[in-house]
Amino acid sequence: MACFLVPAAEAVITTAAASIIKSKEARLPEPVHCEECTRTPFSKKMGWLNNMLWGGSGLLAFEHIWHGEVSPAFPFLTAVSEGQTSEMLSEMGTAGVAMSVMVTAVWGVMVYVTSRRENRAAAGEAGK
């Protein structure tokens, strides 16, 4: 019904956070050591999360439009116009939150693996 709204809301928040982080990273001085040069900036990692959230939300929204659960006229969600608001909120609380948590967890694993590989690469360069 409206489960795509939860990851979309998270995407809005993380997009704002990523732009704030990117502006703060731009104000930092250039790294002096080569090991810092090879690290992926956190703003880019946040961009990965944003792409995952926006892409998933967009596909889910398209699927809901395809099945007639979203209409082009106010109130936009057919569940609201049919008096199924509590069912819609329940779905958002279960399916929507679960999807957001899962996408964020996958992103967390991606960031962890990337950080581990960067640390190993930096340790390899330091040993040369």
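Of the 128 residues of the protein chain, 26% count as buried, where buried means under 20% relative accessible area, exposed over 50% and partly exposed in between (1.4 Å probe, protein chains only). The model is a predicted one: local features need pLDDT of at least 70, side-chain atom pairs count only at pLDDT 80 or more, and totals for chains, interfaces and linings use all residues. Residues are numbered from 1 along each chain as its sequence is written, and side-chain values use heavy atoms, with hydrogens and water left out.

### Exercise 1: the overall plan

Work out which secondary structure elements the protein chain holds.

*Step 1.* Helices (H or I, at least four residues) and strands (E, at least two) are DSSP runs, numbered from the N terminus.

*Step 2.* Counting them gives five helices and zero strands.

*Step 3.* Along the sequence, the pattern reads α-α-α-α-α.

### Exercise 2: the sides of helix α1

Find which residues of α1 are buried and which are exposed on the other side.

*Step 1.* Start with the extent: α1 covers residues 5-26, 22 residues in all. From first C-alpha to last, α1 reaches 31 Å, close to the 32 Å expected at 1.5 Å a residue; the expected span is 1.5 Å times one less than the number of residues.

*Step 2.* Now list the buried residues of α1: V6, P7, A8, E10, A11, T14 and A18. They sit on the same side of α1 because they cover an arc of only 160° around the axis, the arc being that of the directions from the helix axis to the C-beta atoms.

*Step 3.* Turn to the other side of α1, where I13 and K24 are exposed.

### Exercise 3: the surroundings of A18

Is A18 buried or exposed, and which residues does A18 contact?

*Step 1.* A18 lies in helix α1. With a relative accessible area of 11%, A18 is buried.

*Step 2.* Contact means heavy atoms within 4.5 Å. Leaving aside neighbours within four places in sequence, A18 is in contact with S43, M46 and N50.

*Step 3.* Look at K44 too: 26 residues separate A18 and K44 along the chain, and their C-alpha atoms are 8.1 Å apart.

### Exercise 4: the nonpolar cores

Name the residues of the largest nonpolar core.

*Step 1.* A nonpolar core is a set of buried Ala, Val, Leu, Ile, Met, Phe, Trp, Tyr and Cys residues joined through side-chain atoms within 4.5 Å.

*Step 2.* The largest has nine residues: A2, F4, V6, A61, V70, L77, A79, M88 and M92.

*Step 3.* Apart from it lies another core of seven residues, including A11, M46, L49 and V111.
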